[in-house]
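Visitor: Please show me the structure, and then let us go through it by question and answer.

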Amino acid sequence: EKGGYEHFMLKEIFEQPKSIHDTMRGRLLVDEGVIKMAGIWDHVERFKNANRIIIIACGTSWHAGLIGEYLIEEYARIPVEVEYASEFRYRNPIITDKDVVIAISQSGETADTMAALKLAKEKGAFIYGICNVVDSSIARITDAGSYTHAGPEIGVASTKAFTAQLTILTLIAFKLGKHNGNLGNADFMSLIAELDAIPKKIEEVLNTTHELVQNIAKDFVNATNFLYLGRGYNYPAALEGALKLKEISYIHAEGYPAAEMKHGPIALIDENMPIVIIAPKKGHYDKIVSNVQEIKARKGKVIAVVNKGDQQVSAMADYVIEIPETSECFSPIVASVPLQLLAYYIAVYRGANVDQPRNLAKSVTVE
Ligand code: M6R
């Protein structure tokens with residue numbers, strides 16, 4: 001059932017070209033220049049007239065929500081807030097019938113997310129679900145939604161569900177932006193063509209980085225700490241990379257927006273600190289270059305995820321992982337893949353049980 005892979009997690013990482021493709025299937029019609037999403041379309045005025053969109057989730061799904069905020073604000077220009085379900089539900093949030101709440105949950109059973117939705121529903125908000133498990137509790141309580149068709153995710157560490165969530169959020173942002181006129185037709189057409197090519201790019205990343213990342217992982221088996229840095233769309237990708245490492249290898253890791261480094265974490269940097277830095281060409285590249293200079297001046301060990309042919313960051317980094325270039329908004333999908341592999345191999349070399357990490361459950365049905 002693991003399809004020849006040693007663990008479900010590795011199988012699920014490798015399934016991503018297909019799971020992303022399946023998530024877009026029937027929705028992204030590139031030739032017709034259309035995104036079909038009945039759940040959005042049937043309630044499009046509700047979205048269009050929303051005071052704001054509130055995204056509610058936990059864990060990895062919350063990271064997807066942060067990227068959703070960047071996507072929806074950039075392309076549809078609708079204000080978005082992202083909240084941990086557990087915080088939202090207990091802080092007497094201001095919520096009205098003019099708000100749209102999007103819940104993101106792989107399992108559709110997360111207790112805090114469910115409770116937060118019940119609260120939002122009581123206050124009259126329109127509730128949209130992004131779930132992977134069909135007919136799950138969250139899918140049933142929502143007014144409308146889109147399933148991520150990632151297929152069953154068995155590994156406790158979420159991988160393909162995360163990239164499928166990003167795919168749905170991208171489709172929603174583009175669809176709403178096209179409808180409300182914030183995303184012009186020419187841009188819409190080129191973005192959807194690029195989105196359609198993402199599964200191929202993921203395939204390429206898997207082929208070209210798998211062995212390399214495996215080798216890099218060997219050098220960090222005994223690390224005790226890691227920093228993950230990114231900017232813009234890749235700041236949440238850094239958080240997610242750090243969470244993956246924590247969950248399965250039990251190495252302490254923190255994700256930060258790269259610019260926040262100088263407000264504290266830079267004090268941690270010395271020759272023993274590995275720093276994963278996501279530095280694609282599009283998206284504050286020059287700023288990232290100076291962040292890397294600051295890290296190297298303190299002898300930190302830099303593992304850089306860069307675009308093919310990169311020069312500046314690559315020249316300074318200790319380890320270079322190349323990924324294909326994309327528009328900034330797609331870069332977290334592509335950059336996440338080598339970070340999943342890195343966490344996976346470090347955990348495997350440490351002898352950890354990657355599919356069932358200690359203290360964790362696949363769905364957190366207690367608060
Ligand atoms: O099923 P959900 O998406 O609601 O689960 C949320 C979190 O419990 C989940 O993402 C958790 O953080 C994962 N173990 C991450 O890999």
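This is a predicted model: local features need pLDDT of at least 70, side-chain atom pairs count only at pLDDT 80 or more; totals for chains, interfaces and linings use all residues.

Visitor: Is Tyr235 buried, partly exposed or exposed?

Guide: Tyr235 has its place in helix α12, where helices (H or I, at least four residues) and strands (E, at least two) are DSSP runs numbered from the N terminus. Because its relative accessible area is 21%, Tyr235 counts as partly exposed.

Visitor: Which helix supplies the largest share of the shell around the ligand?

Guide: The ligand is surrounded by 14 residues, the closest being Ser61, Ser105, Ser107, Thr110 and Glu247, where near means that a heavy atom of the residue lies within 4 Å. Both α12 (234–249) and α5 (59–76) supply at least two residues of this shell. The largest share, three residues, comes from α5.

Visitor: How many residues of the shell around the ligand are charged?

Guide: Here Ala, Val, Leu, Ile, Met, Phe, Trp, Tyr, Cys and Pro count as nonpolar, Asp, Glu, Lys and Arg as charged, and the others, Gly among them, as polar. On that basis the shell divides into eight polar residues, four nonpolar ones and, as for charged residues, two.

Visitor: What percentage of the ligand's accessible area does the protein cover?

Guide: A polar side-chain atom of Thr110 lies 2.4 Å from an oxygen atom of the ligand, and an N or O atom in the side chain of Ser107 is 2.6 Å from a ligand oxygen; a polar contact is a pair of N or O atoms within 3.5 Å, and within protein one must be able to donate a hydrogen and the other to accept it, with residues adjacent in sequence counting only if both atoms are side-chain atoms. A polar backbone atom of Val156 is 3.2 Å from a nitrogen atom of the ligand. Of the 410 Å² of accessible area that the ligand has on its own, by the Shrake-Rupley method with a 1.4 Å probe, the protein covers 91%.

Visitor: Which residue's side chain makes a polar contact of 2.9 Å with that of Arg52?

Guide: Arg52 lies in strand β3 (residues 52–57), and because its relative accessibility is 17%, it counts as buried. The partner of its side chain in the 2.9 Å polar contact is Glu81.

Visitor: What is the relative accessibility of Lys160?

Guide: Lys160 is found in helix α9 (residues 160–179), and its C-alpha atom is 9.1 Å from that of Pro17, 143 residues apart along the chain. Lys160 counts as buried because its relative accessibility is 2%.

Notes
Residues are numbered from 1 along each chain as its sequence is written. Side-chain values use heavy atoms; hydrogens and water are left out. Buried means under 20% relative accessible area, exposed over 50%, partly exposed in between (1.4 Å probe, protein chains only).
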